Amino acid sequence: MDAVLAAALGVSRTRAGAWCADGRVAARPVGSAGPGRTVQKSSRAAPGTEFVVDVPVEADPLEVKVETVEDLRILGDDPDYVVVDKPVGVAAHPSPGWVGPTVVGGLAGAGYRISTSGAPERQGIVHRLDVGTSGVMVVAKSERAYTALKDAFRDRTPAKTYHAVVQGLPDPLDGTIDAPIGRHPGHDWRFAVLDGGRDSVTHYRTLEAFGRATLVEVRLETGRTHQIRVHFAALRHPCAGDLTYGADPRLAAELGLTRQWLHAHRLGFPHPVSGRWVEYESPYPQDLVYALDVLRGH
């Protein structure tokens with residue numbers, strides 16, 4: 001039955017099978033007006049039978065959902081922009097395959113009106129943080145701010161400072177990682193240092209060394225997807241808890257980490273209207289504080 005529906009309606013067999021499991025597919029004799037009997041995906045389609053399918057209305061994955069996002073704090077509220085402290089587990093904006101909360105939806109739920117520039121699902125978004133990365137992020141409220149901030153991030157004017165706990169002890173303790181990044185040839189959802197990748201530059205300095213791990217301050221010169229995670233993984237010092245890029249799961253468990261220890265700690269940029277330099281800072285969330293306490297032996 002799932003194969004018949006998939007061929008007739010142009011959907012995947014998985015989706016057709018789900019409709020059967022939900023009782024949305026009924027069989028009845030051709031010409032009959034009755035409701036028919038529900039069928040399962042393994043049922044055989046017999047000659048002289050017609051099928052009635054109740055196709056569910058599915059949400060647009062790019063539609064902004066007005067919602068309350070727990071722990072989404074406002075660090076700065078200006079007539080032209082809003083600065084948020086993004087919690088872990090929250091995406092910047094809707095995207096295919098993501099069904100969780102978003103910054104855009106959370107701001108809408110809190111009553112903020114943001115810029116309408118950009119793609120509908122990314123309105124007001126001038127830069128992004130990974131779902132698994134917490135910290136400070138700016139969103140444009142006015143159209144003029146969107147244009148100015150978008151240009152500033154393109155020109156690498158903002159100062160983006162992250163804190164990360166990486167495994168082991170980097171050598172040298174302070175340095176620059178200049179290595180091109182591109183999509184991993186074997187994994188669409190991962191990135192890697194690759195010849196022919198996009199220029200990527202990461203500056204870091206050691207803040208506190210624990211032997212088995214090190215707290216570093218990172219300043220990004222470029223803003224590639226997963227840049228910090230990829231660069232430190234390439235040095236064989238992945239972010240603690242970052243199992244995607246080779247972190248030790250035993251250390252992650254000991255530190256209570258269910259995501260990478262990576263936090264957008266500070267963001268500075270020229271005000272989109274006045275041009276004066278403004279800066280905002282986000283404190284560490286509780287899960288990262290706990291991991292540091294364990295490393296310090298508290």
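**View 1. The hairpin of E13 and E14 in this predicted model.** Six residues lie between the two strands of this hairpin, and Gly275 there takes a positive phi near 85 degrees. Strand E14 spans residues 277–281 and pairs with E13 in the antiparallel sense. Five bridges join E13 and E14. One reference point is Phe269, which stands opposite Val278 in E14.

**View 2. Strand E13 and its pairing with E6 and E7.** Strand E13 runs over residues 262–270. Seven of its nine residues are buried, so E13 is largely enclosed by the rest of the structure. Strand E6 (134–140) pairs with E13 in the parallel sense, over two bridges. Ser134 has His263 in E13 as its bridge partner. E7 and E13 pair too, in the antiparallel sense, over six bridges. Here Tyr162 stands opposite Ala264 in E13. Lys160 has Leu267 in E13 as its bridge partner.

**View 3. Strand E7 and its pairing with E12 and E13.** Strand E7 covers residues 159–167, and strand E12 covers 213–220. E7 is largely enclosed by the rest of the structure, because eight of its nine residues are buried. Seven antiparallel bridges link E7 to E12. Ala164 stands opposite Val216 in E12. E7 also has six antiparallel bridges to E13.

**View 4. Helix H7 packed against strands.** H7 is formed by residues 286–295. Its buried residues are Leu288, Ala291, Leu292 and Leu295. Seen down the helix axis, these residues fall within an arc of 100 degrees, so they line one face of H7. They pack against E6, E7, E12 and E13. Just after the helix, Gly297 takes a positive phi of about 80 degrees.

**View 5. The largest cavity and its lining.** The structure holds one cavity of 30 Å³ or more. About 50 Å³ of space lies in the largest cavity. Its lining consists of His127, Leu129, Val136, Lys160, Thr161, Tyr162, Ala264, Arg266 and Leu267. E7 and E13 are the elements that give two or more residues to this lining. By class, the lining has five nonpolar, two polar and two charged residues. The facing residues Tyr162 and Ala264 both belong to the lining. So do the bridge partners Lys160 and Leu267.

**View 6. The largest pocket.** This pocket has a volume of about 1500 Å³. Its lining holds 43 residues. Arg128, Asp130, Gly223, Arg224 and Thr225 lie nearest the pocket centre. At least two lining residues come from each of helix H4 (143–154), E7, strand E9 (181–183), E12 and helix H5 (227–234). H4 gives the most, with four residues. By class, the lining has 18 nonpolar, twelve polar and 13 charged residues.

**View 7. An open sheet of three strands.** The strand order is E2-E1-E3, and the pairing is antiparallel. Strand E2 (37–38) and strand E3 (49–53) are the edge strands, each pairing on one side only. Strand E1, residues 25–29, pairs with E2 over two bridges. Ala26 stands opposite Thr38 in E2.

Methods. Residues numbered from 1 in each chain as written. Predicted model: local features only at pLDDT ≥ 70, side-chain atom pairs only at ≥ 80, totals over all residues. Heavy atoms only, no water. Buried < 20%, exposed > 50% of the residue type's maximum accessible area, 1.4 Å probe, protein only. Arc of directions from axis to C-beta. Contact = heavy atoms within 4.5 Å. 1 Å grid on protein atoms, 1.4 Å probe; cavity = no way out; pocket = protein on both sides within 12 Å on 5 of 7 lines; lining within 4 Å. Points joined across faces, edges and corners; volume = space filled by probe spheres on them. Nonpolar A, V, L, I, M, F, W, Y, C, P; charged D, E, K, R; others polar. Pairing = 2+ DSSP bridges.
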